[in-house]
Amino acid sequence: MANTIYSINGPVIKLKNTTDFSMLEMVYVGKQQIIGEVISVNRDETTIQVYESTTGLQPGEPVVGTKAPLCATLGPGILSNIFDGIERPLEDMAKAEGGFIGVGSSLPALNTDKKYDVTIRVKVGDVLSGGDIYATCPETALIEHRCMVPPDLSGTVVEAVENGTYTVNDPVVVLEDRNGKRHSLTLCQKWPIRTARPFKERKPIDRPLITGQRIIDTMFPIAKGGTAAIPGGFGTGKTMTQHQLAKWCDADIIVYIGCGERGNEMTQVLEEFSELVDPRTGKALTDRTVLIANTSNMPVAAREASIYTGITLAEYYRDMGYHVAIMADSTSRWAEALREISGRLEEMPAEEGYPAYLPSRLSGFYERAGYMVNLNDTEGSVSIIGAVSPQGSDFSEPVTQNTKRFVRCFWALDKALAYARHYPAINWMNSYSEYVDDLAPYFREKVGEDFLTCRSRISKLLAEESSLMEIVKLIGADVLPDDQKLVLEIAKLIRIGFLQQNAFHKDDTYVPLEKQFQMMKVILYLYDQAMTLVRKNMPVSNVVATGIFEKLGRMKYDVPNDHLDLFEEYYRDIDQQIAASNR
């Protein structure tokens with residue numbers, strides 16, 4: 001019998017003596033019609049990776065092709081939903097099957113019964129091309145869904161329905177292309193997940209993705225349309241940092257990809273996100289969030305596909321003119337899925353058993369970020385923040401090293417800081433951002449002329465403290481001259497009073513850029529004033545004894561985000577205490 005299973009090796013299926021399938025074609029495998037994808041074709045053998053468990057599958061069962069690649073369904077109903085790695089709706093499947101999802105379960109990605117209030121934006125006779133918006137509907141309380149002509153289609157509107165309520169599969173517009181062929185447009189479309197959606201122009205990066213986290217916004221900023229990696233060992237706070245960014249960053253839409261994470265951790269994400277309130281609007285945060293859950297006990301092939309599904313959903317909303325942030329947690333588990341499938345395919349392994357194409361796959365993912373002018377002349381962006389989980393916190397392993405090649409922002413989490421309860425546990429000596437120069441005009445214009453100067457001075461003081469601590473560990477702090485003792489005191493104030501942040505405090509969980517700037521200026525003012533005393537041979541201990549350092553350490557709590565005028569009091573206090581110490 002033609003097109004039947006010859007061998008089964010985990011998620012890898014092989015067929016013999018068939019030329020009916022094409023590369024990357026989506027297929028249905030076995031009697032249960034399990035979704036798979038063709039990953040290798042030659043005259044004698046066809047290899048398929050299967051996105052579900054192959055338990056119970058037998059040689060001789062049929063394989064049916066679809067003549068189409070693996071696609072994501074794009075339309076209203078994506079937001080507030082929870083999908084697996086190949087965009088199957090997990091909540092709907094759980095309801096349909098009583099909690100446990102069986103092999104071969106299949107439901108439409110989007111609810112086909114729900115009706116949306118649709119406004120038609122075109123009329124008969126209008127000429128449309130790829131990306132043009134022909135209908136809108138309120139997808140959630142926060143996001144308007146804009147239905148767009150597929151990128152590879154253009155033509156003249158020959159039919160259009162009236163405004164009203166329609167399901168995602170109802171035809172609302174009919175286009176006639178230049179060959180006279182008619183195409184019915186519904187509220188949804190399909191797009192191959194491994195193909196980047198086209199755009200008109202990639203714009204230079206010139207504005208930050210504001211997160212409200214001081215160590216990120218001030219020290220290591222990420223741009224809208226930028227890429228960042230958060231590497232860290234177990235327990236250093238990768239997931240919690242991404243939660244904080246998802247809640248507070250100024251993106252319009254969040255795509256959270258739980259790629260190979262522990263099931264209980266993903267459950268916590270789902271529960272927390274459902275309870276969170278969007279701080280900008282007061283509505284539920286899930287109204288602008290889509291979750292892709294592919295836990296560590298789910299099939300590895302679906303884990304490999306999950307980040308492509310996530311980036312495709314993000315690009316779709318970017319094309320509407322929204323700014324999207326992707327949280328990929330974690331790309332190490334995705335790379336492990338690549339390694340497992342590569343091993344079953346008997347490919348030649350590269351470093352640490354990972355396939356030789358690991359770097360190109362990573363670059364292909366991160367290169368889909370960017371700030372774009374879309375086909376419909378709107379502007380949108382996709383920012384990617386990927387967590388990396390190096391075993392034993394070893395940043396020299398292949399996934400971390402290759403990720404560093406393709407991202408421009410590196411937030412290195414430190415186990416020692418995490419165990420010392422310093423949050424976020426981002427090590428300021430090992431982290432970097434290459435976006436600082438790109439964002440310099442924005443910071444000067446929107447925040448303050450001296451913003452980058454203050455940032456540079458803060459960085460220099462922290463670097464100086466790091467080198468001084470090597471001496472202190474050997475011979476103690478008492479032998480240091482007073483100017484170096486002052487550096488240690490100020491650096492301690494920067495670490496505890498500025499870089500450390502309390503996610504559970506109403507004024508410290510999110511800090512606007514203006515307040516971050518004012519905090520830096522006050523700390524540096526204290527340093528400059530205290531240094532004038534030191535140069536007059538006054539001991540630093542006199543200044544420390546006044547309690548001004550402790551007071552500045554509390555200013556992140558004592559100055560509300562909407563009362564920045566209170567910073568003037570700190571300048572007066574510093575002047576008074578310095579004058580008193582000078583007597």
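In which loop does Glu87 lie? Select Glu87, and you will find this residue in the loop between strand E8 (82–83) and helix H1 (90–97), where helices (H or I, at least four residues) and strands (E, at least two) are DSSP runs numbered from the N terminus. The model on your screen is predicted, so local features need pLDDT of at least 70 and side-chain atom pairs count only at pLDDT 80 or more, while totals for chains, interfaces and linings use all residues. Residues are numbered from 1 along each chain as its sequence is written, and side-chain values use heavy atoms, with hydrogens and water left out.

**Two backbone turns to compare**

Stay with Glu87, which has a positive phi of about 60° although it is not a glycine. Most residues other than glycine have a negative phi, and most peptide bonds are trans. Glu87 is buried, with a relative accessible area of 4%; here buried means under 20% relative accessible area, exposed over 50%, and partly exposed in between, with a 1.4 Å probe and protein chains only. Next select Gln33, in the loop between strand E3 (25–29) and strand E4 (34–41), which also has a positive phi, of about 55°, without being a glycine. Gln33 is partly exposed, with a relative accessible area of 43%.

**Two cis peptide bonds**

Move to the peptide bond from Asp329 to Ser330, which is cis with omega near 5°, and note that Ser330 is found in the loop between strand E22 (323–329) and H6. A cis bond also runs from Tyr423 to Pro424, with omega near -10°, and Pro424 lies in the loop between helix H9 (415–419) and strand E26 (432–433).

**A helix with buried residues**

Select helix H8 (residues 398–406), in which Pro398, Val399, Thr400, Asn402, Thr403 and Phe406 are buried. These buried residues pack against several elements, including helix H6 (331–344), helix H7 (358–366) and strand E24 (379–388), where contact means heavy atoms within 4.5 Å.

**Helix H13 and its neighbours**

Now show helix H13 (residues 513–535) together with helix H17 (residues 567–581), whose axes come within 10 Å and cross at roughly 10°. Axes are lines fitted to C-alpha atoms, for helices over the stretch in contact, and angles run from 0 to 180 degrees between N-to-C directions. H13 and H17 are therefore roughly parallel to each other, since angles under 35 degrees count as roughly parallel, over 145 as roughly antiparallel, 65 to 115 as roughly perpendicular and the rest as oblique. Among the residues making this contact are Met519, Val522 and Tyr525 of H13 and Tyr570, Ile574 and Ile578 of H17.

**The cavities**

How many cavities of 30 Å³ or more does a search of the whole structure find? The search finds 2. On a 1 Å grid over the protein atoms alone, a cavity is a set of points where a 1.4 Å probe fits but cannot get out, and lining residues have an atom within 4 Å of a point; grid points are joined across faces, edges and corners, and a volume is the space filled by probe spheres set on the points. The largest cavity holds about 50 Å³, and its lining includes Met148, Arg197 and Asp319.

Definitions and conventions. On a 1 Å grid over the protein atoms alone, a cavity is a set of points where a 1.4 Å probe fits but cannot get out, and a pocket is an open set with protein on both sides within 12 Å along at least five of seven lines; lining residues have an atom within 4 Å of a point.
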